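Have a look at the model first.

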Amino acid sequence: MSDIRLQRMAKVLVHHSTTIKEGDRLAIQSSPLAAPLVREIAREAVRSGAFVETFVSLPGIREIVLKEGSDKQLDYIAPSMRHIIEEYETWINILSDENTRGMSGVDPARLAYAQKASRGLTKTYMQRSAEGSLRWNICMFPTSAYAQDANMSLSDFEEFVYKACKLNDEDPVASWQELSRQQERYVEWLKGKRTIHIQGQDTDLTLSIEGRSFINDDGKKNFPGGEFFTSPVEASANGYIRYSFPAAFNGRSVEDVRLRFENGVVVEATAAQGQDYLDQMLGLDDGARRLGEFAFGNNRDVDRCIKNILFDEKMGGTVHLALGNGFPEAGGQNTSALHWDMVCDLRSGSEIRVDGELFSKDGQFVF
């Protein structure tokens, strides 16, 4: 019998996150491990009149291509992926790895090369997302690999995931709507503001949000949701910041990242582990050294780092900033093949001021 929480998750993803309607084409991407969730999503989408297709990726194939493929093969974009991004109305990508370290043996230079190849498709994806013609969602099916990363048993990790997604609630859609209303109050207050100043341990950073809009993430494009984010003015970041949580991108992780900005550009970048990979990603293109996102984490059920950015960036009491591509719908103008979120823990000894007014202290909003 299917887990009731998977049934609830499917209902949230179909009716709240992607708002699937009759005639929509839905692409579901996953590994074989997520089959129980794929079936529930497909059932709910079919009942809504959608045309459902599944794209199941076998573990290890991407690693083979990256390690052994020619430059021409690394440049190749599968027609099915291009069709999803350019034509489909809805797309659900289910994270369901059986090995989160699968890319650890791949040369960072080859990862960077492959990332550049997707730049054009990434631009289309961002544009269609901004205009609403592609309604997408990234979610997770709990696996042993993610549980091990989080130093938890699989059953405890499942409970963590489902609680953070509000799937223990009888009506999770109503719960997400309530969080949406709470976050919208912050979004409204931030309208018209100009400067954000972040101070914390090994962190003192200012940036401009003048003319930019904050977006309320209430579980529509990421699941779980629980953040509100914008794209800062591209030449505005000055100061330094330390990311005490591990920062992963494309299956590779760096730890204890410290960045220093001058007029919006990273001029110094160090990592206690993964320096070579950090340098390769920063060298992807001209936009990789600028900020594409600034966000407040606001999901209080995410109370620990699990080494997965889908959850870590939502952690209550944190902020995250992404290097690379910005969000057109927020006013962002930075373009890059990179969008790398890194989380800064501000739950102790911190202040965030907006136009000089205290907005958050020790990870708690005071507004």
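Helix 5 and helix 7 cross in a left-handed way, meaning that the near helix is turned anticlockwise from the far one by less than a right angle (clockwise would be right-handed). Bear in mind that this is a predicted model, where local features need pLDDT of at least 70 and side-chain atom pairs count only at pLDDT 80 or more, while totals for chains, interfaces and linings use all residues. Residues are numbered from 1 along each chain as its sequence is written, and side-chain values use heavy atoms, with hydrogens and water left out.

**The helix pair**
- Two packed helices are described by the angle between their axes and the distance between the axes.
- For helix 5 (residues 79-87) and helix 7 (residues 119-131), the angle is about 30° and the axes are 9 Å apart.
- That makes helix 5 roughly parallel to helix 7 (angles under 35 degrees count as roughly parallel, over 145 as roughly antiparallel, 65 to 115 as roughly perpendicular and the rest as oblique).
- Helix 5 brings M81, R82, I84, I85, E86 and E87 to the contact, and helix 7 brings L121, T124, Y125 and R128; contact means heavy atoms within 4.5 Å.
- Sorted by class, this contact of helix 5 with helix 7 has 5 nonpolar, 1 polar and 4 charged residues (Ala, Val, Leu, Ile, Met, Phe, Trp, Tyr, Cys and Pro count as nonpolar, Asp, Glu, Lys and Arg as charged, and the others, Gly among them, as polar).

- Most residues other than glycine have a negative phi, and most peptide bonds are trans.
- F223 and P224 are joined by a cis peptide bond, with omega about 15°.
- P224 sits in the loop between strand 7 (215-217) and strand 8 (227-230).
- T19 isn't glycine, yet its phi is positive, near 40°; you'll find T19 in the loop between helix 1 (4-17) and strand 1 (25-30).
- N263 isn't glycine either, and its phi is positive, near 50°; N263 lies in the loop between strand 12 (257-262) and strand 13 (265-270).

**Exposure**
- T19 is partly exposed, at 38% relative accessible area (buried means under 20%, exposed over 50%, partly exposed in between, with a 1.4 Å probe and protein chains only).
- N263 is exposed, at 54%.
- Is K166 buried or exposed? K166 is buried, with a relative accessible area of 15%.
- K166 lies in the loop between helix 9 (154-164) and helix 10 (172-190).
- Leaving aside neighbours within four places in sequence, K166 is in contact with P172, S175, W176, L179 and D301.

Methods:
Axes fitted to C-alpha atoms, helices over the stretch in contact; angles between N-to-C directions. Helix = DSSP H or I, 4+ residues; strand = E, 2+ residues; numbered from the N terminus.
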